[in-house]
Amino acid sequence: MALRTLASKKTLSLALGGGARPLAAAAAARGVATTVSLPDLPYDFGALEPAISGEIMRLHHQKHHATYVANYNKALEQLDAAVSKGDASAVVQLQGAIKFNGGGHVNHSIFWKNLKPISEGGGEPPHGKLGWAIDEHFGSFEALVKKMNAEGAALQGSGWVWLALDKEAKKLSVETTPNQDPLVTKGASFVPLLGIDVWEHAYYLQYKNVKPDYLNNIWKVMNWKYAGEVYENVHA
């Protein structure tokens, strides 16, 4: 997730999955805010064309994701100040900004890894353990794609559609989250394998209001190798 320290991962997890008390405790324990940074893309902006245009990728990464990073860092600084002052009201008021912007950073950091140029293997269907698990839980790879496309198209407003692994139940599922809520808000045992951004900023410049076309084409650049590695690491 391109966080500056290992400690920040714990802090971010607490911030997104808990309420004011764990946030305050985390902030007090570390003394100062641990900020996050914008990760570099592992490919050029235009490398995912024609599925996703270079203009969309540039704006999505340089403007939208960068804004989540800046606003999250700002909220952390404000949180530290509020905790230092013992201002409980301010701590509570900051929860929304931390969840939204921290979630935006977490989700997009996963999203960039979920994508890969066709020339480098993007779009190749999953193999190995993840491929078998998809067949077991959804009937076929095609059935999974159809389900995720349907869930994403039906999501009202802005949000995400996920292929998730419930590590406690050892089961795959398709989940949706509104706005920038990360998958952890659905339950601590959920691990994101693939996430598709269905905010308009992810597709509108290219696909206008035809979200199903975007959902159909993004599979051409999906990085199933990454998803398979996450699955095997968690499911081992």
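Predicted model: local features only at pLDDT ≥ 70, side-chain atom pairs only at ≥ 80, totals over all residues.

Guide: A residue counts as buried when its relative accessible area is under 20%.

Asn 101 has its place in helix α5, which covers residues 95-113. Its side chain reaches back to the backbone oxygen of Ala 97, at 2.9 Å. Leaving out residues up to four places away in sequence, Asn 101 touches Thr 67, Tyr 68, Asn 71 and Tyr 72. Helix α3 runs over residues 54-85.

The setting of this residue is the chain as a whole. The protein chain contains ten helices and three strands. Read from the N terminus, the order of elements is α-α-α-α-α-α-α-β-β-β-α-α-α. Of its 236 residues, 49% count as buried. Among contacts with a separation of 6 or more, 71% are made by residues 24 or more positions apart. The accessible surface amounts to about 11200 Å², and carbon and sulfur atoms account for 52% of that surface.

Strand β2 spans residues 171-178 and contains Glu 175. Val 174 is likewise placed in β2. With a relative accessibility of 15%, Glu 175 falls under the 20% limit and so counts as buried. Val 174, at 12%, counts as buried because it too is under that limit.

The side chain of Glu 175 makes a polar contact with the side chain of Lys 186, at 3.0 Å. Beyond its sequence neighbours up to four places away, Glu 175 touches Trp 160, Val 161, Trp 162, Ala 164, Leu 183, Lys 186 and Phe 190. Val 174, with neighbours within four places set aside, is in contact with Phe 138, Leu 144, Lys 147, Met 148, Glu 151, Val 161 and Trp 162. Trp 162 lies twelve residues from Val 174 along the chain, and the C-alpha atoms of the two are 5.6 Å apart.

Most residues other than glycine have a negative phi, and most peptide bonds are trans. Lys 170, in the loop between β1 (159-166) and β2, has a positive phi, near 55°. At 55% relative accessibility, Lys 170 is over the 50% limit and therefore counts as exposed. Lys 208 also has a positive phi, near 55°, and lies in the loop between α8 (204-207) and α9. Its relative accessibility is 46%, so Lys 208 counts as partly exposed. A cis peptide bond, with omega about 5°, joins Glu 49 and Pro 50. Pro 50 belongs to the loop between α2 (20-30) and α3.

Helix α9, which covers residues 211-218, includes Pro 212. Pro 212 has a relative accessibility of 41% and so counts as partly exposed. In sequence, Pro 212 and Ala 154 are 58 residues apart; in space, their C-alpha atoms are 9.6 Å apart.

A last feature is the packing of one helix against another. Two packed helices are described by the angle between their axes and the distance between the axes. Helix α6 (residues 128-138) packs with helix α10 (residues 224-235) at an angle of about 90°, and their axes are 8 Å apart. That angle makes α6 roughly perpendicular to α10, because the range for this term is 65 to 115 degrees. From α6, Lys 129, Leu 130, Ala 133 and Ile 134 take part; they meet Trp 224, Ala 227, Gly 228, Tyr 231 and Glu 232 of α10. Sorted by class, this contact has six nonpolar, one polar and two charged residues.

Conventions: Residues numbered from 1 in each chain as written. Heavy atoms only, no water. Axes fitted to C-alpha atoms, helices over the stretch in contact; angles between N-to-C directions. Helix = DSSP H or I, 4+ residues; strand = E, 2+ residues; numbered from the N terminus. Parallel < 35°, antiparallel > 145°, perpendicular 65-115°, else oblique. Contact = heavy atoms within 4.5 Å. Nonpolar A, V, L, I, M, F, W, Y, C, P; charged D, E, K, R; others polar. Buried < 20%, exposed > 50% of the residue type's maximum accessible area, 1.4 Å probe, protein only. Areas by Shrake-Rupley, 256 points an atom, 1.4 Å probe, with all protein chains shown as cover. Polar contact = N/O pair within 3.5 Å; in protein donor to acceptor, adjacent residues only side chain to side chain.
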